[in-house]
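Please keep the coordinates open while reading.

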Amino acid sequence: MPAMDACALCAKPLARDHDVFMYRGDTPYCSEECRHEQMHLDAVCAKQAARRQQRFSAGTESHRVQRQSRKVSVAS
C-alpha cells in the first residue's frame with residue numbers, strides 16, 4: 001500500500017490541508033494532473049501489453065501451423 005505522505009507520481013509531499021486525489025483505491029496524487037497522467041500511462045501500458053499478447057498469440061498460431069505443415073510434408 002502506498003504511503004499517504006507523497007504523490008505517487010511526482011513524489012511531492014502531500015499537505016494535510018489540501019485535497020488528495022486518489023486512483024486505484026489507495027494510491028494518492030497531489031493534483032488532478034498527476035492522477036490523470038498516471039491514468040494515461042496505465043492506458044498506454046495496457047495497450048502495449050495487449051499488442052504484445054496479440055503478436056505472441058499470432059506468432060504461436062503461425063508456428064503451430066508451420067509444424068503441422070512439416071508433419072504433413074514428411075508423412076507424404
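Is alanine 11 buried or exposed? Alanine 11 is exposed, because its relative accessible area is 53%; buried means under 20% relative accessible area, exposed over 50%, and partly exposed in between, with a 1.4 Å probe and protein chains only. The model is predicted: local features need pLDDT of at least 70, side-chain atom pairs count only at pLDDT 80 or more, and totals for chains, interfaces and linings use all residues. Residues are numbered from 1 along each chain as its sequence is written, and side-chain values use heavy atoms, with hydrogens and water left out.

From the N terminus on, the elements run β-β-α, that is, two strands and one helix. Helices (H or I, at least four residues) and strands (E, at least two) are DSSP runs, numbered from the N terminus.

Alanine 11 lies in the segment before strand 1 (21-23). Its phi is near 65 degrees, a positive value in a residue other than glycine. Most residues other than glycine have a negative phi. Arginine 24 also has a positive phi, near 55 degrees, and sits in the loop between strand 1 and strand 2. Arginine 24 counts as exposed because its relative accessible area is 60%.

The loop between strand 2 (27-29) and helix 1 holds cysteine 30. With a relative accessible area of 19%, cysteine 30 is buried. Leaving aside neighbours within four places in sequence, cysteine 30 is in contact (heavy atoms within 4.5 Å) with Cys7, Cys10, Lys12, Leu14, Asp19 and Phe21. Leucine 14 is 16 residues away from cysteine 30 in sequence, while their C-alpha atoms are 6.1 Å apart in space.

Helix 1 spans residues 32-75 and includes arginine 51. Glutamine 38 is in helix 1 as well, and it counts as buried because its relative accessibility is 16%. Not counting residues up to four places away in sequence, glutamine 38 touches Leu9, Tyr23 and Tyr29. Arginine 51, by contrast, is partly exposed, at 46% relative accessible area.

Lys47, Arg51, Arg52 and Arg55 form a positive surface patch. Patches are made of residues with over 30% relative accessible area and no salt bridge, with like charges joined within 9 Å; a salt bridge is a side-chain nitrogen of Lys or Arg within 4 Å of a carboxyl oxygen of Asp or Glu.

For the whole protein, buried residues make up 16% of the 76 residues. Of the contacts with a separation of 6 or more, 21% are between residues 24 or more positions apart.

Methods. Patches are made of residues with over 30% relative accessible area and no salt bridge: like charges are joined within 9 Å, nonpolar side chains (Val, Leu, Ile, Met, Phe, Trp, Tyr) within 5 Å. Accessible areas come from the Shrake-Rupley method with a 1.4 Å probe; for residues, only the protein chains shown count as cover. Lys and Arg count as positive and Asp and Glu as negative; His and the chain ends are not counted. The place of a charge is taken as NZ of Lys, CZ of Arg, CG of Asp or CD of Glu.
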